[in-house]
Amino acid sequence: MVSTGEGENRGGNGAEKRRVILPSASSEQKALGLAYPGDPTAQRELLTWAGGLDEEEFIRLTQPVVLMEMMSLRGRSANQAISSTEVTSFAINIPNLPGRNHRLVTLPTACKYAACTICDYCSKGKREITGRDIDRADIDRAIEIVRKDNDFYLEDGEYHRQHPEDNVVLIDITAGGSIFNSREVPDEIRQYLWKKIAEYGKEQKAKGRYVAFVTETRVDDLSETTLKEMFAALEGGVDEVEVGYGLERIDPLGQKIMMNKMMPPDWEERVKLLKNPEINRGIDVVGAAHVMLTVPGETDAEGVEYASQSIRELIDKGLCDTVVLMATNKKAATVPGVIESELPSIFTLAETLKRLRELGERAGNPDKYLREVLVRGFAGIAEEIAPEKVKYMKAGCNACRPVEELLKDWRPEDYSKLIELISQTNCQDKADWEAEILQEPQYSRQQRIALILDYLAKTYWKMSLKDAVEAFGDINLHPQFKNE
Ligand code: SF4
Ligand SMILES: [Zn+2]
């Protein structure tokens, strides 16, 4: 079933729904979603075609298609997409500061890219985008929320009585998509934001506090000019700046097609600008790469493998200091929502942490990767923090709930506890997961993503993937996403 109500039910001839031909491999089916329309012969041809292309060629041919499909998908699911007309905020727990939350404040702007396969932020209509222009009053409001929250923990309240030593001021302000994007946050407003943060930070530092500013951007918006401007304005007002950026995966197929992330070719250099002392003026910078545990079309076993390899490579190449590991969700304006793929299991997350530990052991330092990973957006935690109720992980039973609980507030110190809890857990969820993770997929990732793209092409345009490649192959991907 597709959540959009479009697609296979629209034939009008009462033909029975057919399932995509993926016998036995339930993880594979899970990755694809369960029900697909289509003619088995055509699907076999598609699989042969997709299986016969080398990866670079496959990416080149399908990248325009996945982009156009995301335009259609987001347009059709507009009424379920996130949009906000006010400055919003929600609390996130801080694993190493029990009892303290920090408030993530989001400005009511829309992501100007709005095409990643797993995100439904700010999408409405084919190229129409929700959100609104922001002004100085929005920045003042954001700072007011931040101030109130920090005062609550550092001056009033029970937490302060119990932790009088905590002196960290957290200023976490993001845009709907990307703080450094000038079409989203006009330069003049961004300058005003820096000024207000610096003012507030200086005032707090005068009280002997440590001030950390946290924000998020798309990698294409990282430039020497915007970063220099920010660090110059914040100098003396903040001790630390953390910049989050969604890379999701480092392998080209995962990043460019399964996530439709459209990274600029020089993305590694752009990320490294953050660490350049001539740019950051000696302010401590934390680069926080966002990595997805499962991306559309991937089995859980592949998710474990590719996510952990991506984390290892990012850390080894100095492309981040910390990793925010997240799970996809099934919101309507996303590919996982449309193909109705299943949510990953908590054991998949646990297995990824195990794999990171193994990779660390191989590198001679067991905690090397594990200690940098922050787990976000899984299990019940997502329901508490997300602005809307969305599930990210398959719920467990009573027997495996302790594992879920531990993962919700994951801290690397809990690694042995995690292993112990898993070994003590004997439930059907775990048995099913163990059986499934061992299954060899029948098709390659490339073939599976081809099936999904084919499905979306048929759903939205009534054409096959190969026809869509013909139709859209010539479009120039980049100009429409230029920042200026
Ligand atoms: S760039 Fe970020 S906000 Fe924009 S669509 Fe992608 S994940 Fe969503
Ligand atoms: Zn269970």
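In this predicted model, helix 3 (residues 55-76) and helix 19 (residues 465-472) pack at an angle of about 95 degrees, with their axes 9 Å apart. Because angles of 65 to 115 degrees count as roughly perpendicular, helix 3 is roughly perpendicular to helix 19.

**Helix 3 with helix 19**
- On the side of helix 3 the contact is formed by Leu61, Thr62, Pro64, Val65 and Met68, which meet Leu465, Ala468, Val469 and Phe472 of helix 19.
- Sorted by class, the residues of the contact between helix 3 and helix 19 comprise 8 nonpolar and 1 polar, with no charged residues.

**Helix 2 with helix 18**
- The axes of helix 2 (residues 40-52) and helix 18 (residues 445-461) come within 9 Å of each other and cross at roughly 130 degrees, which means that helix 2 lies oblique to helix 18.
- The crossing of helix 2 and helix 18 is right-handed, and the contact involves Gln43, Leu46, Leu47, Ala50 and Gly51 from helix 2 together with Gln446, Gln447, Ala450, Leu451 and Asp454 from helix 18.
- The residues of the contact of helix 2 with helix 18 are 5 nonpolar, 4 polar and 1 charged.

**The largest nonpolar core**
- The largest nonpolar core contains 114 residues, and those with the most contacts inside it are Val65, Ile171, Ile311, Leu314, Val323, Leu325 and Leu453.
- Helix 18 supplies the largest share of this core, with 9 residues.
- When neighbours within four places in sequence are left aside, Leu314 is in contact with Leu247, Ile250, Ala289, Leu319, Cys320 and Val323.

Methods. Residues numbered from 1 in each chain as written. Chains lettered and ligands numbered in written order. Predicted model: local features only at pLDDT ≥ 70, side-chain atom pairs only at ≥ 80, totals over all residues. Axes fitted to C-alpha atoms, helices over the stretch in contact; angles between N-to-C directions. Helix = DSSP H or I, 4+ residues; strand = E, 2+ residues; numbered from the N terminus. Parallel < 35°, antiparallel > 145°, perpendicular 65-115°, else oblique. Left-handed = near helix turned anticlockwise from the far one by under 90°. Contact = placed C-beta atoms within 7 Å. Nonpolar A, V, L, I, M, F, W, Y, C, P; charged D, E, K, R; others polar. Core = buried A, V, L, I, M, F, W, Y, C linked by C-beta atoms within 7 Å. Buried ≥ 20, exposed ≤ 12 C-beta atoms within 10 Å, placed from the backbone.
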